[in-house]
Amino acid sequence: MQLARLDSQFLRYLIDNDIPPGQRLPALNDISLEMGISVGKLREQMEVARKMGLVSARPRLGIQREPFEFSQMLLDGVLFGLATGEANFEQFSQLRQVVEAGFWDQAVGLLTMTDKERLRSLVAQAWEKLRGEPIHLPNGEHRDLHLTIFARLNNPFVQGILDTYWQAYEASEMTRFASYTYWTEVWTYHERIVDALCNNDFALGQQLLVEHFSLLKSLPVTAVERPAEHTQPFPTTKGETI
């Protein structure tokens, strides 16, 4: 690998010294002497690594190497692009759909009985919220269901894209003005997908997954773009609207 393309002496230091996740790093002065750069420049490069999630600094624990998590590196860039309008959520959603559909067979083949029970539980929790008085929106269950399906896939890039998608999904308030009908349709699909997985009918599960992606197209304009006077928001239990 051409490490010269990695524009950080500190990151190259972590690689060259084969420092594993969880290991505590030497003091800054010691690292700066070994690297041959000033402590000030070292701090700048460490801050970049910290924002990437590769190191942490805590009282009494010092500087510690953290595991590689792709989502840590993606999220800020995705949110920036969405906020400036240089990218849009539909584009990122298309990427997520291709990833989920493309890695479906690998992911679902790794699911255990415990995972499938977890999926059934998430479906039950979602329906309980939607049919309750007052109604609660199963946003957390929505994210957890999809991430659980792909949780055992040993691919940090896939995991990172999917985790970032759901964080961006929440930040974009995609479902802020979604109707109750939208939520019931989504969870009807989810229930059928989980039933297919529990019956080991993975092909049907994938078919339903792809079909249910089209429900996103039925959503109205996002809360940021939609004029307040034209909305008929669906109230939540916290007095918010979706």
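This note sets out numbered points on the predicted model shown above.

1. The strand pair. Strand S1 covers residues 55-58 and strand S2 covers residues 62-65; the two pair in the antiparallel sense over four bridges. Within this pairing, Ser 56 of the chain stands opposite Gln 64 in S2. Three residues separate S1 from S2, and the two strands form a hairpin. In the turn of this hairpin, Arg 60 has a positive phi of about 70°.

2. A salt bridge between Glu 66 and Arg 58. The structure holds nine salt bridges. One of them joins Glu 66 to Arg 58, with 3.3 Å between the closest N and O atoms. How accessible is Glu 66, buried or exposed? Glu 66 has a relative accessible area of 16%. The limit for a buried residue is under 20%, so Glu 66 counts as buried.

3. A salt bridge between Arg 152 and Asp 115. The closest N and O atoms of this pair are 2.5 Å apart. Arg 152 belongs to the loop between helix H8 (139-149) and helix H9 (156-172), while Asp 115 belongs to helix H7 (residues 113-130). The two residues are 37 residues apart, and the pair links distant parts of the chain. Arg 152 is partly exposed, at a relative accessible area of 43%, whereas Asp 115 is buried, at 10%.

4. A salt bridge between Asp 195 and Arg 120. Here the side chains meet with an N to O distance of 2.9 Å. Asp 195 is partly exposed, with a relative accessible area of 30%. Arg 120 is also classed as partly exposed, with a value of 41%.

5. The cavity. The count comes to one cavity of 30 Å³ or more. The space in the largest cavity is about 80 Å³. Its lining includes Arg 96, His 142, His 146, Tyr 165, Trp 166 and Tyr 169. Also among the lining residues are Tyr 182, Val 186, His 212, Phe 213, Leu 215 and Leu 216. The elements that give two or more residues to this lining are H8, H9, H10 and helix H11 (202-213). Which element provides the largest share of the lining? That element is H9, with three residues. By class, the lining has eight nonpolar, three polar and one charged residues.

6. The contact between Glu 100 and His 146. Glu 100 lies in helix H5 (residues 89-102). At 0% relative accessibility, Glu 100 counts as buried. The side chain of Glu 100 makes a polar contact with the side chain of His 146, at 3.3 Å. His 146 is also one of the residues that line the largest cavity.

7. A cis peptide bond. Where in the backbone does a cis peptide bond occur? The bond joins Glu 133 and Pro 134, and its omega is about 0°. Pro 134 is placed in the loop between H7 and H8.

8. Positive phi at Asp 18. Asp 18 has a positive phi of about 50°, although this residue is not a glycine. Asp 18 is found in the loop between helix H1 (9-16) and helix H2 (28-35). Exposed residues have a relative accessible area over 50%; Asp 18 has 65% and is therefore exposed.

9. Positive phi at Asn 200. Asn 200 is a residue other than glycine with a positive phi, near 60°. The position of Asn 200 is in the loop between H10 and H11. With 49% relative accessibility, Asn 200 counts as partly exposed.

Definitions and conventions. Residues numbered from 1 in each chain as written. Heavy atoms only, no water. Pairing = 2+ DSSP bridges. Salt bridge = Lys/Arg side-chain N within 4 Å of Asp/Glu carboxyl O. Buried < 20%, exposed > 50% of the residue type's maximum accessible area, 1.4 Å probe, protein only. 1 Å grid on protein atoms, 1.4 Å probe; cavity = no way out; pocket = protein on both sides within 12 Å on 5 of 7 lines; lining within 4 Å. Points joined across faces, edges and corners; volume = space filled by probe spheres on them. Nonpolar A, V, L, I, M, F, W, Y, C, P; charged D, E, K, R; others polar. Polar contact = N/O pair within 3.5 Å; in protein donor to acceptor, adjacent residues only side chain to side chain.
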